[in-house]
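Here is a short briefing on one protein chain. Keep the sequence and the 3D view open while you read.

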Amino acid sequence: MALHTTTSFLLSSLLLLPIMFFNLTAFADPITFDILNFGDKLESFAAPITFNVVDFGAKPNNIKIDSSKAFESAWKQACSSSRAATIYVPKAKFYIYSATFKGPCKNNVITLQMDGTLVAPPNFHLTAQSKTWIIFRQVNGVTVLGGVIDGQGSELWACKHSGKTCPRGTTSLQFTNSQNIVISGLTSLNSQIYHIVINKCRNVRMERLNIYAPANSPNTDGIDLEETSYVTILDSNIGTGDDCISVGPGTSNVLIQNIYCGPGHGISIGSLGRKERENGVQNVTVQSCRLKKTQNGVRIKSWGRPSTGFATNIRFQHITMTDVKNPIVINQNYCPHNQGCPGKESGIKISDVTYKSIYGTSASLVAIKLDCSPKFPCKGIVLENVQLTYKNGNAKASCINAQGSTVDMVEPMGCFEEFLSSI
Ligand SMILES: *[C@@H]1O[C@H](CO)[C@@H](O)[C@H](O)[C@H]1NC(C)=O
C-alpha cells in the first residue's frame with residue numbers, strides 16, 4: 001500500500017507535465033524508468049487515443065450548424081480518457097457559438113490538433129452572452145496545435161464605431177486556473193475583443209502564433225496575461241487594434257522573445273493599479289522584438305490612484321522600433337475621463353527596469369517618456385545603449401519622478417541629470 005501510494009504520487013507528479021516540458025534527464029534516470037514500468041499509467045505514454053470532432057457530429061463547412069456541442073462531446077471523451085488523448089479537427093471550417101472545455105481530466109496529455117478553422121457566428125448577438133468564445137478551465141497539460149480561430153469581430157466593431165449601444169464582446173480564447181499549457185502554431189483572427197487571455201495559470205508556452213485584427217478594431221489585444229506565472233511567448237507575429245501583449249497584475253516570470261508587433265499599442269506591462277488591492281508584476285523580460293508603426297513601444301502603465309501593486313525586475317532589451325509613436329514610456333497617470341483618481345497619485349511602485357539596446361525611430365518628438373508617480377517615484381531605471389531618432393534628427397526625453405542611470409550611449413539624453421550631477 002505504501003509502495004503503491006509512493007508510486008502513484010511519483011507518477012502523478014510526472015504526469016502533471018506534458019511531454020514538451022520534460023527535461024530529457026528525467027528519461028535518463030533509471031529509477032524513473034523502473035517506476036514507469038510498474039505503473040498502469042504507462043498507457044499515458046503510449047500512442048494517444050484520437051477523437052475526431054466529425055465523429056461527434058461536428059459539421060464541416062456548414063454555416064447553419066453550430067458544432068459547439070460536438071466539440072464539447074469530443075472534449076469529454078478526451079478528458080475522461082485515462083491515456084493521452086488527441087482531439088482532431090480536420091481541414092474545414094466549423095461554426096462554434098461558444099465552447100467550454102473543463103477539467104480536471106483523467107490524463108494530463110490532451111492535444112487539440114487543428115488542421116481546420118473555428119469560426120464564430122458573424123451575428124455577435126449569438127456569442128455576446130458568453131464572456132469568452134472558447135474557454136479551457138482547470139486543465140493540466142493541454143496543447144493547442146495549429147489551426148485558425150476566427151472571431152468575426154467586424155460587425156461588433158462597426159456597432160461600437162457607430163456609437164450605438166453594443167455588447168462588450170467575447171474574448172476568443174481563454175485558459176483559466178490551468179497549468180502546463182502549450183499553444184503552438186495557432187492563428188487567431190479578428191477577435192471581438194481580446195484574442196488570447198491567460199488567467200490564473202502556471203507554466204504556459206505560446207509559440208509561432210499569428211494574431212491579426214485591423215489597427216482600428218477596438219480592444220483587440222493580442223495576448224493578455226493575468227495572475228499567471230512562468231510564461232514564455234516566442235516567435236510570433238501580432239498586429240491588432242490594441243496591445244500586442246499585455247502583462248497584467250499578479251504576473252511573474254515571463255519571457256517574451258522574438259515578437260513582431262504592429263500595428264497595435266505595443267508591448268505593455270499593465271494597466272496596473274486599477275484595483276486598490278492588487279498583486280505585483282515581477283521578473284519580466286522582453287527581448288529581441290520588433291515594433292513597427294505602433295502607438296507605444298515598450299510601456300508600463302498604471303492608473304493614477306492608490307494600489308498595493310508594483311512592477312519590479314523588468315528588462316526590455318534588443319528591441320528595434322520603426323516609426324513608433326512612444327517608443328519607451330512609463331505612464332502612471334492613466335485615468336480615463338478623469339474619474340476615480342483622487343489626487344492622481346499612483347500607488348504602484350515601479351523599480352529595477354532596464355532598457356538595453358533599444359534602437360530605431362520615433363514617430364513623435366518625445367521618444368523616452370517616464371512619467372512616474374509623485375508619491376512613489378520610479379527607482380532603479382537603467383537606460384543602456386539606447387538610440388532613438390525623430391525625423392532623422394534628435395528626439396527628446398522627458399522624465400518626471402524617475403530615478404535612475406544611463407550606461408554607454410543613450411540618445412535622447414536628459415532623463416537623470418539630477419542623479420548624475422549628484423555623483
Ligand atoms: C524569471 O523568469 C524566467 C522566465 O520564466 C525564469 O526562467 C527564471 O527562473 C525567473 N527568475 C527568477 C529569479 O525567478
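A residue counts as buried if 20 or more other C-beta atoms lie within 10 Å of its own. Ile358 has 25 C-beta neighbours inside 10 Å, so Ile358 counts as buried. The model is a predicted one.

**Overall make-up**

- The chain holds six helices and 30 strands.
- Of its 423 residues, 45% count as buried.
- Take the contacts in the chain with a separation of 6 or more: residues 24 or more positions apart account for 74% of them.

**Nonpolar core**

- In soluble globular proteins, nonpolar side chains tend to be buried together.
- The largest nonpolar core here has 102 residues, and Ile245, Ala311 and Leu370 touch the most other members.
- Strand β23 (residues 310-324) gives the largest share of this core, seven residues.
- Domain 1 (1-234) and domain 2 (243-423) each supply at least three residues to this core.
- Leaving out residues up to four places away in sequence, Ala311 touches Ile269, Leu272, Gly280, Val281, Ile300, Ile348 and Ile350.

**Ile358**

- Ile358 sits in strand β25 (residues 349-362).
- Beyond residues up to four places away in sequence, its contacts are Phe316, Ile319, Met321, Pro327, Ile328, Val386 and Leu388.
- Pro327 is 31 residues from Ile358 in sequence, and the two are 9.0 Å apart in space, C-alpha to C-alpha.

**Annotated site: His265**

- UniProt, in an unreviewed entry, places the feature "active site" at His265.
- His265 lies in the loop between β19 (252-261) and β20 (267-272).
- Is His265 buried or exposed? His265 is buried, because 23 other C-beta atoms lie within 10 Å.
- With residues up to four places away in sequence set aside, His265 touches Asp242, Asp243, Thr294, Gln295 and Asn296.
- Pro263 also belongs to the loop between β19 and β20. A cis peptide bond joins Gly262 and Pro263, with omega about -5 degrees.

**Ligand surroundings**

- Which residues surround the ligand? They are Tyr230, Asn253, Leu255 and Asn283.
- This shell divides into two nonpolar residues, two polar and no charged.

**Asn199**

- Asn199 is in strand β13 (residues 196-199).
- It has 21 other C-beta atoms within 10 Å, so Asn199 is buried.
- Asn199 touches Gln174, Thr176, Glu226, Glu227 and Thr228, not counting residues up to four places away in sequence.
- Gln174 and Asn199 are 25 residues apart in sequence and 7.5 Å apart in space, C-alpha to C-alpha.

**Backbone points to check**

- Most residues other than glycine have a negative phi, and most peptide bonds are trans.
- A further cis peptide bond runs from Glu411 to Pro412, with omega near 0 degrees. Pro412 is in the loop between β30 (402-411) and α6 (417-421).
- Asn180 has a positive phi, near 55 degrees, and is not a glycine. Asn180 is placed in strand β11 (residues 179-184). It is buried, because 23 other C-beta atoms lie within 10 Å.
- Arg208, likewise not a glycine, has a positive phi of about 50 degrees. Arg208 is in the loop between β14 (202-207) and β15 (210-212). With 14 C-beta neighbours inside 10 Å, Arg208 counts as partly exposed.

Conventions
Residues numbered from 1 in each chain as written. Predicted model: local features only at pLDDT ≥ 70, side-chain atom pairs only at ≥ 80, totals over all residues. Near = placed C-beta within 6 Å. Nonpolar A, V, L, I, M, F, W, Y, C, P; charged D, E, K, R; others polar. Helix = DSSP H or I, 4+ residues; strand = E, 2+ residues; numbered from the N terminus. Buried ≥ 20, exposed ≤ 12 C-beta atoms within 10 Å, placed from the backbone. Contact = placed C-beta atoms within 7 Å. Core = buried A, V, L, I, M, F, W, Y, C linked by C-beta atoms within 7 Å. Domains from an automatic or database assignment. UniProt positions renumbered as here; feature names shortened; annotations may be inferred.
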